[in-house]
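Here's a quick tour of a predicted model. Have a look at it first, and then we'll go through a few side chains.

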Amino acid sequence: VLNLVTMTFFKRFPAIPGMVIALAAMLLGSMITVVLIALTTAHAASTRMLLASSAGVAAVGLALLLLVVVAGLLILRELADREYNTDRDFLNAFLEHIPDHVYFKDRSSRFLRVNRALANCFGLSDPAEATAKTDSDMFTPEHAGRALEDEQRIIETGRGITGMEEKETWPDGH
């Protein structure tokens with residue numbers, strides 16, 4: 001049941017920003033400071049003591065509530081980090097072992113990431129070597145120009161191109 005609740009929560013709120021946790025922690029620190037000040041000034045007079053102790057009890061209650069909120073946020077953040085790491089590990093395994101060519105590019109058509117199979121075709125020992133390169137770094141000028149036109153059309157229209165076959169002579173001659 002807890003897993004179902006946390007998965008539902010994370011679908012709505014994929015990450016808890018560190019700023020939220022920091023703010024909650026600062027509020028908790030402020031509440032603890034107020035409690036300490038109230039308790040140290042409480043013994044000044046018996047009337048003040050009664051008021052200060054009432055305020056102190058309220059402050060302690062608020063501080064405990066805030067402590068629970070901070071702890072909850074930290075736990076939720078840890079769960080979100082674990083889910084992110086699992087997703088990242090699955091993507092890495094996929095990119096390392098799929099035989100098809102897979103790549104990600106930015107809006108300027110620079111490679112952000114390529115998989116192992118495409119890196120091998122490019123003649124790269126490490127897929128990271130393709131990062132920030134463009135098709136013109138890897139292919140003939142004719143092929144690179146066509147690819148850039150196609151990619152810009154996809155970005156502009158939001159529609160993929162299907163049924164198109166590309167032919168290219170790779171650096172190794174195949």
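Let's start with Val70. Setting aside neighbours within four places in sequence, Val70 is in contact with Ala24 and Ala25. Val70 and Ala24 sit 46 residues apart in sequence, yet their C-alpha atoms are 5.8 Å apart in space. Val70 belongs to helix α3 (residues 46-97). Is Val70 buried or exposed? Its relative accessibility is 8%, so with the cut-off for buried at under 20%, Val70 counts as buried.

Now for the rings. A pair of aromatic rings is described by the distance of the centres and the angle of the planes.

| Pair | Centre to centre | Angle between planes | Type |
|---|---|---|---|
| Tyr103 and Phe111 | 5.7 Å | 80 degrees | edge-to-face |
| Phe111 and Phe122 | 5.7 Å | 70 degrees | edge-to-face |

Why do these pairs get the edge-to-face label? Planes over 60 degrees apart count as edge-to-face, and the Tyr103 and Phe111 planes are at 80 degrees, so that pair qualifies. For Phe111 and Phe122 the angle is 70 degrees, and that pair is edge-to-face too.

Phe111 lies in strand β2 (residues 111-114) and Phe122 in helix α4 (residues 116-122), so their pair ties together parts 11 residues apart in sequence. Both Phe111 and Phe122 are buried, with Phe111 at a relative accessible area of 2%. Tyr103, on the other hand, is partly exposed at 41% relative accessibility.

Tyr103, Phe111, Phe122 and Phe139 form one aromatic cluster. There's also a charge to look for here: Lys105 lies over the face of Phe111, 4.5 Å from the ring centre.

Methods
Residues numbered from 1 in each chain as written. Heavy atoms only, no water. Phe/Tyr/Trp six-rings, centres within 6.5 Å; stacked < 30°, edge-to-face > 60°. Buried < 20%, exposed > 50% of the residue type's maximum accessible area, 1.4 Å probe, protein only. Helix = DSSP H or I, 4+ residues; strand = E, 2+ residues; numbered from the N terminus. Lys NZ or Arg CZ within 6 Å of the ring centre and 35° of its normal. Contact = heavy atoms within 4.5 Å.
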